[in-house]
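Here is my note on the structure you sent. Please read it with the model open beside you.

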Amino acid sequence: TRYLYSVTAQVHVMGEDEKQKKVELVRYNTAQFQLCDSLAIASQLKVTSNLKNNMITEAQHGRDDAQLVQPKGPSPRVGVCTSIRGDNIRRVVDQWVEYHRLIGVEQFIIYVNEEWGDLKGLPQRPYITYVPFDYCLENHIDVLKQQNRSDLLHPVYWNQFPYFQELINTNCLHRAKQMGFDWVTTHDVDEYIHMPPTYNQSLPKFLGDYFPNAKEEVGALRMKSIPFGKNIHDPTDNSVHHPLLVDYVWRKNSTLGNARSKILVNPQQVNYLDVHDTKGAAKPTVDLEPYQQLHIHHYKNPENGPHAGGDPSQWVKDESLSLYRQAILDSLTEQPNTTQVYSNN
């Protein structure tokens, strides 16, 4: 496969008699695939280096948004991966990218888990790389029906989003290792990392100050999540237009739980990821204190109110991300229309 570098694989071959079962060793020459990735990563590193130089130049000219992105002094390098599927997801990618760039994320790798479609409706930026990953069976149901694959009727094959998300997350981890990132996260485009105000909206500065020895001591950092949405019982909020996800400011007033947590991963200490946690980590995962350190604002179907929000009388207004609103809008109108794209060739 294009993404997994297995050099050998075992294939069980059945004869007419069960006793004739044997195992054949199949060898795959993956040199071309690895060369393809090496060239793609080298190109991506060059783009990232140019972007960092541009941010320094802009900061010297006094641009406020550049100062947000470029913290003073040495700091960890942070990347983000995510997967997308469907028009509703595509339409919010742009603002999600620009928000996280404002808090210091350097590079975005976005896996397109559907037909490529010429990247229709997606932002074209030099710090965004799109990876074709159209491997969900639901995308190929017509072909499967033609093949009369009765073995695929089992529901496990149709409830496989976590499975493919694990593949995507682990491939992301591999890329982060190759690109030398200190931290990488794999949260969704309806999830926004909330920064404590004491760190001047700089995620790298927070990570560098709180975890200066993370490469040796920490496998991952767990961020708890809280759902945000519209107050559907408040006539004044129902009349408000919400062009950005950060415009949804109502949340449940409760202690944040782990049910929807996401993690920041130290690529040097982790070899495999599932959807919400690490596997095979050499070092432990640290639970972050949500209000003093980091947590996630989750905008899942926000037009219907906070997800699983319960009693609306217990909702509270939280405008902590509203301070980014104008900077996000400015970024959406100023960025160049170029991007990095991985090819299947």
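Two strands pair if DSSP finds at least two bridges between them. Keep that in mind for the strand points below.

1. **What kind of model this is.** The model is predicted. The mean pLDDT of the protein chain is 74. Of its residues, 65% reach 70 or more. Confidence is highest in strand E7 (residues 191-194), at a mean of 96. Helix H2 (residues 64-69) has the lowest, at a mean of 35.

2. **Stretches to read with care.** Over residues 1-16 the pLDDT is below 50. Beyond near neighbours in sequence, residues 1-16 still have 43 contacts in the model. Residues 51-73 also have a pLDDT below 50. That stretch has 27 contacts beyond near neighbours in sequence.

3. **The overall make-up.** The protein chain has ten helices and 16 strands. Of its 345 residues, 47% are buried. Now take the contacts between residues at least 6 apart in sequence: 74% of them join residues at least 24 apart.

4. **Strand pairing.** E3 and E4 pair in the parallel sense, over six bridges. Which residue of E4 is the bridge partner of glycine 79? The partner is glutamine 107. E4 also pairs with E5, again in the parallel sense, over five bridges. Here isoleucine 110 stands opposite tyrosine 130 in E5.

5. **A covered strand.** Six of the six residues of E4 are buried. In a regular strand the side chains alternate between the two faces of the sheet. Look at both sides of E4. One carries Gln107, Ile109 and Tyr111. The other carries Phe108, Ile110 and Val112. Both faces are covered.

6. **An enclosed helix.** Is H4 largely enclosed by the rest of the structure, or largely open? H4 is largely enclosed, because nine of its ten residues are buried. Among them are Trp96, Tyr99 and Leu102, but also Glu98, His100 and Arg101. Just after H4, glycine 104 takes a positive phi of about 110°.

7. Glutamate 106 lies in the loop between helix H4 (93-102) and strand E4 (107-112). Why does glutamate 106 count as buried? Its relative accessible area is 12%, and buried means under 20%. The side chain of glutamate 106 has a partner: it makes a polar contact with the side chain of arginine 77, at 2.7 Å.

8. **The largest nonpolar core.** In soluble globular proteins, nonpolar side chains tend to be buried together. In this model, the largest nonpolar core has 48 residues. Trp183, Leu203 and Leu294 have the most contacts inside it. Several elements each supply at least two residues of this core, including E3, E4, strand E5 (128-132) and strand E8 (220-229). H4 gives the most, with five residues.

9. Pick leucine 294 and list its contacts, leaving aside neighbours within four places in sequence. They include Ile193, His194, Met195 and Pro196. Leu203, Phe206 and Met223 are also in contact with leucine 294, as are Leu264, Leu288 and Glu289.

10. **The disulfide.** How many disulfides does a search of the whole structure find? It finds one. Cysteine 81 and cysteine 172 form it, with their sulfur atoms 2.1 Å apart. Cysteine 81 lies in strand E3 (residues 78-84) and cysteine 172 in helix H6 (residues 161-179), so the pair ties together parts that are 91 residues apart in sequence. The torsion about the S-S bond is about 85°, so the disulfide is right-handed. Both cysteine 81 and cysteine 172 are buried.

11. Glutamine 178 is in helix H6. Glutamine 178 counts as partly exposed, because its relative accessibility is 46%. Proline 267 is 89 residues away from glutamine 178 along the chain, yet their C-alpha atoms are separated by 9.4 Å.

Terms used: Residues numbered from 1 in each chain as written. Predicted model: local features only at pLDDT ≥ 70, side-chain atom pairs only at ≥ 80, totals over all residues. Heavy atoms only, no water. Disulfide = S-S within 2.5 Å. Helix = DSSP H or I, 4+ residues; strand = E, 2+ residues; numbered from the N terminus. Buried < 20%, exposed > 50% of the residue type's maximum accessible area, 1.4 Å probe, protein only. Polar contact = N/O pair within 3.5 Å; in protein donor to acceptor, adjacent residues only side chain to side chain. pLDDT = per-residue confidence, 0-100. Contact = heavy atoms within 4.5 Å. Core = buried A, V, L, I, M, F, W, Y, C linked by side-chain atoms within 4.5 Å.
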